[in-house]
Each structure stands twice: as C-alpha cells, then as structure tokens.
Amino acid sequence: MCGIVAYIGPREAYPLILKGLKRLEYRGYDSSGVALLNDDLRVYKKKGKVAELEESLVGQDVHAHAGIGHTRWATHGEPSDRNAHPHSSASGRLAMIHNGIIENYAQLKNELIKKGYSFQSDTDTEVLLNFVEDIQKNNNCGLEEAVRIALRRVVGAYVIVLLDKDHPDTIIAARKGSPLVIGIGKGEHFLASDASPIIEYTKEVVYVNDYELAILKADELILKNLGNEKITPFIQKLDLELAAIEKGGFEHFMLKEIFEQPETIFDCLRGRLDAEKGIITMAGVENNIEKLRNADRMIIIACGTSWHAGLVAEYIFEELCRIPVEVEYASEFRYRNPVIHNGDVIIAISQSGETADTIVAIEKAKEQGAFIMGVVNVVGSSIARLSHAGAYTHAGPEIGVASTKAFTAQLAVLTMIALKIAKEKDTIDQTRYMHLLAELHTIPEKAREALKAADSIKKLASRYANDANALYLGRGYNFPVALEGALKLKEISYIHAEGYPAAEMKHGPIALVDETLPVIFVATRDSYHDKIVSNIQEIRARKGRVVAVISQDDEVIPKMAEDYMTVPETDELLAPMLSVIPLQLFAYYIGIAKGCDVDKPRNLAKSVTVE
Ligand code: G6P
C-alpha cells in the first residue's frame, strides 16, 4: 500500500526512481510523484499511473543526485494531483513521502491551523510534514531532531522519507509498521518499500525496524532509535534475481505467476519433502515440535487469499492432527477481545508479510502468550520477523495484485506442517502418511498438466465475460477454493461473485438462480462427489448455467454441465492446489476479455499496510 523509492549518490536519481516506482506500482497506483533535489527542490506529481507522471515530465528539468518517489493508494483524500505525494512543507523547504496512516492527524492539523498553517491537500502526510517543520522552527533544531520529536507524538503506522533543500546531501527516513529496505551501494544508497527497485544495483540490504530512523548520505548510513542512540545496521544479502521480478515473455504478471505454479510448488517442496523415505524436513517445525504437537488449539490468522488458504488448512489440520482449528480474519481478531490460552498456537499466513491487520493481530496474540508460527512468502518481512518460528513458502516475488502462486505455495507448506505434526502425534497411519507424501510429490507435475487447459479455458471464459454475477460452490476441501475462485473473479473482472458451501446455497443463494446465472462448481472427485452432483441437479432444475471444475476421468458431471474444466485427480486433501488453477485462469481470461487491467485492478493493492 503506497510504494516508496529514494536514492542518493552519483547516478541520475530520476530515471532510477521512476523505474523503481514502476516495480512498486503493485502497491498502489492511483497517483505518483517525485521530489528531486539539487540546488533547488522540485516536486512533480500526477494523478494516475506512473506512466502518466513520466509523460508529464518529458522536457522538464529532472536532473538530480538525490530524490524521493511515491506511488499512492489513497487513504486520506481522493486520488488527485493535489493529494499525490511528495508533499511540500509550508516554507517549501521540505518534501516528504509517506506510506501508512497517521491516526491522530486531525488533532495535529487543528493545532497547526490555530498557528496559522493552511493545507494544500487532504492528506495526513502534509499534516505530519508541517508538524515536523513547526517543531524545527520552535525548537531551532535540525530536521533529524524534529522528526524524532514529531514521531513521539504520532499515533499510527508510517514510513516517511524526507528531503531538506538546505541539506542536499542527506535523506532522512523513519519506520513504524510499514516496510522499509535500504540498499547499500558503493558510494550510494537506495531506499524502497521492498527490494524490487534495489536488486538491480546491489544485493546488500538493511531492513529498517519499527521506531528506527535512518540518516542517509551517499557514502554513509546512520541508524538510530527514537531515543537518538545509534544502532548497528544488520546487513543482509538479498536472495533474489532480477528475472524473478520481470514478466519473462508473459503478457501479464498474473498469467506468469499462474504458469509458474508447477515450479513454485516444486520449490516449496524441494529440500523438505522426501516422499520415498517418508521424511519431511522443516526446521521451524522440528525446533518447536513440542509446542506444536501439544497445541490445544490452533488459530489461523490471515486476510484475503491467505485467509482462504487458512480455511483449507483448517480441514487439513483437523483431519490429520486432530487439533481444533479456528480461522480468523486478522481485521476482526485484532479488535475483538479474543480468548487466548497458553497452549494456543497461532498460524499467521501472509504472502507479503506486511499486512497491517495480520501484524497487529499477531502482536496481540503474542502479548497474551500465544506461540506464533509464520507462513510467509517475503523473506525478512515484518511477519516473518515477528513470528517465533516459521516456514517460508518460497514462491518468489508475486507482483500481480491478485494472489495466485502464493496460495498454492501456502497450501503446500501448510500441508507439510500438518503432516509433520500428525506423524509426531501419531494421528495418521503410516499407509496414509506415505500415500499423502507420494501424492504431494506429484502435485507440481499435475499442476503443469492442469495448465494445459489454458487455451480451452480462454475460449470458455469469453462466454461469461458479459455476465453481471456468478455463484461459486464447493464442498469440503473445495469449499475454500470456491471462495477463492469467486474472489479472483471479482478482483480481476469486477463481476460480482459469491462463494458458498454447495449445500448451504439452499439457505439463500438459490433464490438468485435463473437461466442467466453462471454457477461454478468446484467438484473434483472426492468423498463429497455424489453430494455435489445432487447440488448440480438442484441448480439445473432451476435452469442455472452450470460450469464445473472436475477430475479428468469424471464421466458424470460433463453430461450435466454447460461447460467444464478438468484437473488431474489427486487425494482430496491436496485437491485445492489443483482445482484452484482453472479458476485462476477463468478469472484472468474474463478480466482480459473485459479489457480490465488484471495486474492492477482498480482500488486494490498488493500489500495492505493500512488497517
Ligand atoms: C491484499 C492482496 C491479496 C492478499 C491480501 C492478504 O488484499 O491484494 O492478494 O491475499 O492482501 O495479503 P498477504 O500479503 O497478507 O497475504
């Protein structure tokens, strides 16, 4: 949510920042801007995508060796040139970009208005910036000191990055609750919301922690806490290649990421699963096995697609480990007064590792003594660092805003965790254990097989592109897949879609069924197959248009459905990793047929760092 890039060093800052903003556009794309500092401080900003900013700057003076850039996902104030970042302070001396929300901005704004300040934008950012400037004026102190004082009053989450016209050799940044990475080059420094704008220039990075302030010069990095004490920067090596964040010949990141799934699931299993020997190696689980096997209850906390992965995991953990599981929306959990016991294990699932609601929910559970196991994709992210233990999903950078490969990788990791605990607890018999390991081993290949249906799904999808609604139904392990399929469709194509347990549709959604409504059944062969066939009949009896995701050898459903998409057969517990693939493609091709920007759907953001 909002992308931040900054640079100081011998290179031209503007082209570098622009490229970085394009890489970060998945975080927000309703406006963007840059501030460039030489002898003077120039601020350029524009409503719309980064390309529109670029176009508006053709012919402008963009020469500078220090600069900050921002791509916005609106919180305070509509998307407009005026509300775009960077913001300038009242004197015009300071420029600032911000990711996050200043919760007490109204109070600070009132104080400033009483002092005679006026505001050009509706943003909380401009308030904070002028608050900093005001402190500097009143205390006659440097910018660094003023930022420190200001942040002690600020309630909320932020990454802020500031330029000061009087100090063109310095960039100041601070973080609480939103991500910030510093890239360390030779005689230059980079700053960004994630490593993707940095990777091309250096692999040495420092992840800034909450309540830390970074003072960057071309050849110097100083980290301090808000108490003005120096902190030794912990330099890490990035394990990320440039190719991983480029489209690699695909028209969209989303399609690339859907097609990467055979490899990403394989990468997730690699080095962990030895199906022949019946061994799963996961240090995060092994080192904490007593806590996990003795868990009285598991609470899964997540948002969005990760929450759907949590729902599948609920079925898997209860089935294999016989541990009661609750799956919670992080945003609800954090504001409730949840009952957490000592023996509870929290599993936090997050692709980005930066989702604000999930972070706060974890902190809350941690305070009450719960053990936190993170299932996270982005290495070194906030949730990964907050967790007591964890397992990375190794899906590589996911850039398409709608999550695809992260979901299947999450399922692979969660399945392995469950299998390991079940083995340890002896709640699974050896034959089933070995069977599931062997089946899991085949999933990457079966995912490759499932992707072969892409062309036929493309044709089929075009027939549904003009519909206004869709209902997705599934049972058992495929119920969360129905939710995920519906989510993908609404995210990408803006068609209203609802997911429901197939049997529950009798209690409401069936009222919607007529000859215009597509009803998408996730009906691969499993122990609920006969039941879902009956549900299909119920829809047909009301003239609904049945589309089904089925197993390759299913001979029954093709006779009943208007359209169907097939996936290879597997154990029902592993089926979601395959049955979701046609639904991802279905949503993608409908989005394309409707001319939607599938990588950057309207109003959405990849990494939701506001609550
Ligand atoms: C946003 C993204 C979704 C994602 C959700 C949770 O809404 O657009 O794709 O599922 O956040 O994000 P996380 O990074 O915590 O998995």
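**Close-up views of a predicted protein model**

**View 1. The whole chain and its contacts.** Among contacts in the protein (heavy atoms within 4.5 Å) between residues at least 6 apart in sequence, 71% join residues at least 24 apart. This is a predicted model, in which local features need pLDDT of at least 70 and side-chain atom pairs count only at pLDDT 80 or more, while totals for chains, interfaces and linings use all residues. Residues are numbered from 1 along each chain as its sequence is written, and side-chain values use heavy atoms, with hydrogens and water left out. The protein holds 19 helices and 27 strands, which are DSSP runs numbered from the N terminus (helices are H or I with at least four residues, strands are E with at least two). With a radius of gyration of 25 Å, close to the 25 Å that the globule rule gives for 611 residues, the protein is as compact as a globular protein of that length; the radius is taken over C-alpha atoms, and the rule is 2.2 Å times the number of residues to the power 0.38. Of the 611 residues, 62% count as buried, a word that stands for under 20% relative accessible area, as against over 50% for exposed and in between for partly exposed (1.4 Å probe, protein chains only).

View 2. The strands follow the order 3-2-4-1-10-9-11-15, with antiparallel pairing, where two strands pair if DSSP finds at least two bridges between them. At the edges are strand 3 (41-47) and strand 15 (235-237), each of which pairs on one side only. From one strand to the next, the twist averages 20°. In general, strands of a sheet pair through backbone hydrogen bonds, either parallel or antiparallel.

**View 3. Strands 9 and 11, with helix 1 on the sheet.** Strand 9 (residues 181-184) pairs with strand 11 (residues 204-207) in the antiparallel sense over 3 bridges, and Gly183 stands opposite Val205 in strand 11. Helix 1 (residues 13-23) packs on the sheet, where it touches strand 1 (3-8), strand 2 (31-37), strand 4 (66-72) and strand 10 (189-192). The direction of helix 1 makes about 25° with that of strand 4; axes are lines fitted to C-alpha atoms, for helices over the stretch in contact, and angles run from 0 to 180 degrees between N-to-C directions.

**View 4. The surroundings of Glu439.** Glu439 lies in helix 15 (residues 430-451) and counts as buried because its relative accessibility is 16%. Not counting residues up to four places away in sequence, Glu439 touches Lys446, Glu569, Thr570, Asp571 and Leu574.
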